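Keep the structure open as you read.

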Amino acid sequence: MNNTDFEYMKEALAVDLAEMLAKDYDLSVDDALNTLYNSDTYTKISAQETGLYFQSSMYVYSILKEELTLGKI
């Protein structure tokens, strides 16, 4: 996979996750993106070798919610 494809998939996933965060936690889009981009989950999404960017939005969101609830992945 080339870098352009990876970046596209990562950002498409980020959009989905931010929308879910905004809805479930009653956040503004800016706050949802800030929460996501500062999470360990996003760090893992950004590491191509983890393959997390290739998983479904709902699966990754469940990991993110766990991180937000427990403070860790």
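Let's start with D26, which is exposed, with a relative accessible area of 72%. This is a predicted model. D26 sits in the loop between α1 (3-25) and α2 (29-37). Its phi is near 50°, a positive value in a residue other than glycine.

## The helix itself

How far apart are the end C-alpha atoms of α1? They are 32 Å apart, which agrees with the 33 Å that 23 residues should span at 1.5 Å a residue.

## The buried residues

Which residues of α1 are buried? They are F6, K10, L13, A14, L17, A18, M20, L21 and A22. The cover over the buried residues of α1 includes α2, α3 (40-45) and α4 (57-70).

## Packing against α4

Two packed helices are described by the angle between their axes and the distance between those axes. For α1 and α4, the angle is about 50° and the axes are 10 Å apart. That angle makes α1 oblique to α4. Their crossing is right-handed.

If you want to look at the contact residue by residue, α1 contributes L13, D16, L17, M20, L21, D24 and Y25. On the α4 side, they meet S57, M58, V60, Y61, L64, K65 and L68.

Key:
Residues are numbered from 1 along each chain as its sequence is written. This is a predicted model: local features need pLDDT of at least 70, side-chain atom pairs count only at pLDDT 80 or more; totals for chains, interfaces and linings use all residues. Side-chain values use heavy atoms; hydrogens and water are left out. Helices (H or I, at least four residues) and strands (E, at least two) are DSSP runs, numbered from the N terminus. Buried means under 20% relative accessible area, exposed over 50%, partly exposed in between (1.4 Å probe, protein chains only). The expected span of a helix is 1.5 Å times one less than its number of residues. Contact means heavy atoms within 4.5 Å. Axes are lines fitted to C-alpha atoms, for helices over the stretch in contact, and angles run from 0 to 180 degrees between N-to-C directions. Angles under 35 degrees count as roughly parallel, over 145 as roughly antiparallel, 65 to 115 as roughly perpendicular and the rest as oblique. A crossing is left-handed if the near helix is turned anticlockwise from the far one by less than a right angle, and right-handed if clockwise.
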